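Me: I have a structure open and want to learn how to read it. Can we go through it feature by feature?

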Amino acid sequence: MEKPFLTIVVPCYNEEAVLNETVVQLTKVLDTLVDKAEISEKSKIMFVDDGSKDKTWELIDGFSREKKYITGLKLSRNYGHQGALLAGLTSAYEISDCVVSIDADLQDDVNAIIPFVEKFNEGYEVVYGVRDKRDTDTFFKRNTALGFYKVMGKLGVKMVPNHADYRLLSKRALGEFLKYKEENMFIRGIIPLLGFKSTKVYYNRNERFAGESKYPLKKMLMFAVDGITSFSITPIRFLLTLGVLMFVIGVGLGIYAIVQKILGEVVLGWTSLMVSVWLIGGIQLIAIGVLGEYIGKIFTEVKARPRFTIEENIFEEKCDTEKLK
């Protein structure tokens, strides 16, 4: 029986400091799996350069000429982590029997790929890499992440806690995932919707090997907002409820004011007026902002622009060359 063709997709943005070690560690993992006859010896590692400004692409290109497993994909500009990941998964689909996605910073234990593939060979279509603990994260990041998972759960979004984008997808699962065509892709929320047989592999998260984090606080907050607004209209319903509540309070205050007028006990002043104006004005601005976020997403979706543009595709070229041999 022919062994499955595995592609490891690695999004990269300014990762020249860590790339050499990433190549070494992932190559060792593939060698181990090939020696154990778990995967095809033609399996590949695809580094996706997401518009890096350093020498990331030059390194990927050089490694692809020297090492049999290494290939690359160069995007025409920076599309963000999810865009780069999507480009890699899309390009890998036709050739691969299964695909693993992992970040280049080596915080995710690459050796977990071995049990990933073992679970795949046992019949699982989706294998999630789940952090056993988050000791390497700061107190703030750890608790905000846990809070985010709880909020998403309350909103009805099925997510795997402590799972990022480290996972294995079978060809069938990946094919179904690629049918989702929205511009604002929240991949961590979409994968559980597929409904295929899945399992988890737990691992310890490491410190970043080198370089700087590509997810500062601002990006993490925007990622959370994208996740919530991509999967739930609960914020809009909350605003509707809040509006109704404010209307009821307003009617009550109106009745109270009329009664006070009839009784002749009206006290002229501006405190209550100012409080009301600021309170209602603040709620209105929040409501407009939330609605604007959803309208902005509609605006992005209806344009249906390409989600990424590939400038160079070493992965396809190398796989085609090997087929000819």
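Me: Strand β6 comes first. Which residues of β6 lie on one side and which on the other, and are they buried or exposed?
Reply: In a regular strand the side chains alternate between the two faces of the sheet. In this predicted model, β6 (residues 167-170) has Arg167 and Leu169 on one side. Leu168 and Ser170 are on the other. All are buried, so both faces are covered. Buried means under 20% relative accessible area, exposed means over 50%, and partly exposed lies in between (1.4 Å probe, protein chains only). Strands (E, at least two residues) and helices (H or I, at least four) are DSSP runs, numbered from the N terminus.

Me: What should I know about the numbering and the model before going on?
Reply: Residues are numbered from 1 along each chain as its sequence is written. The model is predicted, so local features need pLDDT of at least 70 and side-chain atom pairs count only at pLDDT 80 or more, while totals for chains, interfaces and linings use all residues; side-chain values use heavy atoms, with hydrogens and water left out.

Me: Which strands pair with β6?
Reply: Two strands pair if DSSP finds at least two bridges between them. β4 and β6 run antiparallel and are joined by 4 bridges. Serine 101 has arginine 167 of β6 as its bridge partner. β5 (residues 126-131) is also antiparallel to β6, over 3 bridges. Here valine 126 is partnered with leucine 169 of β6.

Me: What is the order of the strands in the sheet?
Reply: The order is β7-β5-β6-β4-β1-β2-β3-β8. This is an open sheet of 8 strands with mixed pairing. β7 and β8 (310-313) stand at the edges with a single partner strand each, so one side of each has no neighbour in the sheet. From one strand to the next, the twist averages 20°.

Me: In what sense do β1 and β2 pair?
Reply: They pair in the parallel sense, over 6 bridges. Valine 9 stands opposite methionine 46 in β2.

Me: Now helix α2. Which of its residues are buried?
Reply: An α-helix has 3.6 residues a turn, so residues three or four places apart point the same way. In α2 (residues 56-66), the buried ones are Thr56, Trp57, Ile60, Phe63 and Ser64. They cover an arc of only 125° around the axis, which puts them on the same side of α2. The arc is that of the directions from the helix axis to the C-beta atoms. On the other side, Glu58, Arg65 and Glu66 are exposed.

Me: Which strands does α2 touch?
Reply: α2 packs on the sheet and touches β1, β2, β3 and β8. Contact means heavy atoms within 4.5 Å. The direction of α2 makes about 150° with that of β3. Axes are lines fitted to C-alpha atoms, for helices over the stretch in contact, and angles run from 0 to 180 degrees between N-to-C directions.

Me: How far apart are the end C-alpha atoms of α3?
Reply: They are 18 Å apart. The expected span is 1.5 Å times one less than the number of residues. For the 13 residues of α3 (residues 81-93) that should be 18 Å, which agrees. 11 of the 13 are buried, so α3 is largely enclosed by the rest of the structure. Among them are His81, Gln82 and Leu85. α3 lies across β1, β2, β3, β4, β6 and β8, at about 155° to β1.

Me: How many residues are in the largest nonpolar core?
Reply: A nonpolar core is a set of buried Ala, Val, Leu, Ile, Met, Phe, Trp, Tyr and Cys residues joined through side-chain atoms within 4.5 Å. The largest one has 38 residues. Leu6, Ile8 and Val10 are among those with the most contacts inside it. α1 gives the most to this core, with 7 residues. A second, separate core of 32 residues includes Phe5, Leu73, Leu194 and Phe308.

Me: Which residues have a positive phi?
Reply: Most residues other than glycine have a negative phi. Asparagine 14 has a positive one, near 55°. Asparagine 14 is in the loop between β1 and α1 and is partly exposed, at 25%. Leucine 106 also has a positive phi, of about 65°. Leucine 106 lies in the loop between β4 and α4 and counts as buried, at 6%.
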